[in-house]
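Work through these exercises with the model open beside you. Try each task before you read its solution.

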Amino acid sequence: MHLACDAFNGKAVGKLRNIKRRDGKPFAVMFRDIDSLRLYSRIDPAEEASLLSWRRPIVLLEMKKDIQQQVPVLLNAGLKLIGAMLPYMPMHYLLFRKLKTPAIVLTSGNFSDEPILTDNSSAMEQFSNIADALLLHNRDIFNRTDDSVVRIIDGKERIFRRSRGFVPAPVKTDLNMEGIVAFGADLANCFCAGKGKKAILSQHIGDLHSVETIVFFKKTIDQFIKLFRIKPSLLAVDMHPEYISTKTGLNFGNIPVIKVQHHHAHIASCMAEHRLDEKVIGVAFDGTGYGTDGKIWGSEFMICDLNDFERITHFGYIPLPGGDKAIEEPWRSAVSWLYRVYGRDFLNYSLPLTNEISHDKIEMIIRMIDRNINCPLSSGAGRLFDTAASLTGLVHVATFQAEGPMRLESLVRENFSESYPFDTGKTICFDKTIKGIVEDMLKNTSIMTIATKLHNTIILTIFETVTGIRAKRGINKIVLSGGVFQNKYLLTRTMELLSDKGFEAV
């Protein structure tokens, strides 16, 4: 089920956002046809192939600059990207015969953090008083699926959300996976069941926060096991002891369970997809993953094979005041970095953070750090981007996941090679990077320049680190994985640099 409105009517989009209780996350837009879409976005051949494929995913496209100002801010949060798709059901084509608008918001029929509705009575109950009309079907929905999301990066289709159109088509591997059931993580969950040499991934389940989503998660696992006649013989769960997915696996039955480190799983899954079974250099960048030392990982350089990993280095740890709250409020991470680099002196600097966040709140964070009250240590690469987003005044409080990193990426300049300094040692230290950003802010350097320099810094960090590992260990194959690599500029430039220096990177 979907909720829809005119994509270019700001009032309607705002109403839809209120209905879904969805703060800032961009909406997906269905265009009448590809010619209508071309008026709003440049489309290269690879993007066109994805849009017109029978799978009909949402494809993330860059809007034309002269069009960006015409699109309601509430549609895509003011970003230069738009998630576009084309009609894929007969009803969509019939609808556009009647509509004058070239595009509609077509978003999932649910409230935020809840699964999509699947029965007509629930749809009538929840939406009849707030939607202008309801279109219902006389066929029951057996298995709910979200729209899939892809982006063309480095000329290849990269799947960000694997769901309708892709599921349940298996991923073929060279490994015997019979009877293995892997339960996934708690954020953007999907699980996987093994059948012969095929990995059968579930559709996107979502974040395992609400009771409804957890019920959906457990029900879909049972459906897959029954549908594909799988006899579970080995269960794989994330190492995080408090994940709902982990607890579900541990309580699933009297079946052997293996606990897998989150970032090793990132690299191993990418290896399996590309049919690699050897030692590789794994680079796993994301926001959060439970580490073997009990700390929060997220910027891992590892020597990996499919069975085990050796953590070589990572970004230095910083305290996250408030734990998960710091992910929702990036200014907390920024205060942590500033306090680490400058002590209390940063309170005297005229920065967006110090001007826009009350000093009482900042003092509270400093006290939390000093007393180590709910300040878990994190090496997550995502938190470095969050910090930069707050230091530049782009995002102090995120209205959707990864808002800060996405806004920074949207400002990146092409053909600009400057970067910030950083230090390498036992860990990778970005104190000089933070100083560079602060100095640029105090000099009124454009945020576009700062965003680009930060991205170039991360790219250089990756290149210099893996070059050092190759020199010592003689490994030439690189596997990049994790949510941070959904950043098109970061992944494209990293792959180009690695390829130029003779690395084999996937």
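**Exercise 1.** How many cavities of 30 Å³ or more does the count come to? Then describe the lining of the largest cavity.

Solution. This is a predicted model.
- Step 1: The count comes to one cavity of 30 Å³ or more.
- Step 2: The largest cavity holds about 60 Å³ of space.
- Step 3: Its lining is made up of Phe315, Gly316, Ile318, Trp337, Ser378, Ser379, Gly380, Arg383, Leu384 and Phe430.
- Step 4: Sort these residues by type. Five are nonpolar, four are polar and one is charged.

**Exercise 2.** Find the second largest pocket and say which helix gives the largest share of its lining.

Solution.
- Step 1: The volume of the second largest pocket is about 300 Å³.
- Step 2: Its lining has 13 residues. Nearest the centre lie Ile312, Thr313, Thr465, Ile469 and Lys472.
- Step 3: Strand 16 (309–314) and helix 18 (447–473) each supply at least two lining residues.
- Step 4: Helix 18 gives the largest share, with six residues.
- Step 5: By type, the lining of this pocket has three nonpolar, six polar and four charged residues.

**Exercise 3.** Is Asn189 buried or exposed? List its contacts beyond its sequence neighbours.

Solution.
- Step 1: Locate Asn189 in the loop between strand 9 (180–182) and strand 10 (192–195).
- Step 2: The relative accessible area of Asn189 is 1%. Buried means under 20%, so Asn189 is buried.
- Step 3: Leave aside neighbours within four places in sequence. Asn189 is then in contact with Phe183, Gly184, Gln203, His204, Ile205, Gly206, Leu208, Phe217 and Ser245.

Terms used: Residues are numbered from 1 along each chain as its sequence is written. This is a predicted model: local features need pLDDT of at least 70, side-chain atom pairs count only at pLDDT 80 or more; totals for chains, interfaces and linings use all residues. Side-chain values use heavy atoms; hydrogens and water are left out. Helices (H or I, at least four residues) and strands (E, at least two) are DSSP runs, numbered from the N terminus. Buried means under 20% relative accessible area, exposed over 50%, partly exposed in between (1.4 Å probe, protein chains only). Contact means heavy atoms within 4.5 Å. On a 1 Å grid over the protein atoms alone, a cavity is a set of points where a 1.4 Å probe fits but cannot get out, and a pocket is an open set with protein on both sides within 12 Å along at least five of seven lines; lining residues have an atom within 4 Å of a point. Grid points are joined across faces, edges and corners, and a volume is the space filled by probe spheres set on the points. Ala, Val, Leu, Ile, Met, Phe, Trp, Tyr, Cys and Pro count as nonpolar, Asp, Glu, Lys and Arg as charged, and the others, Gly among them, as polar.
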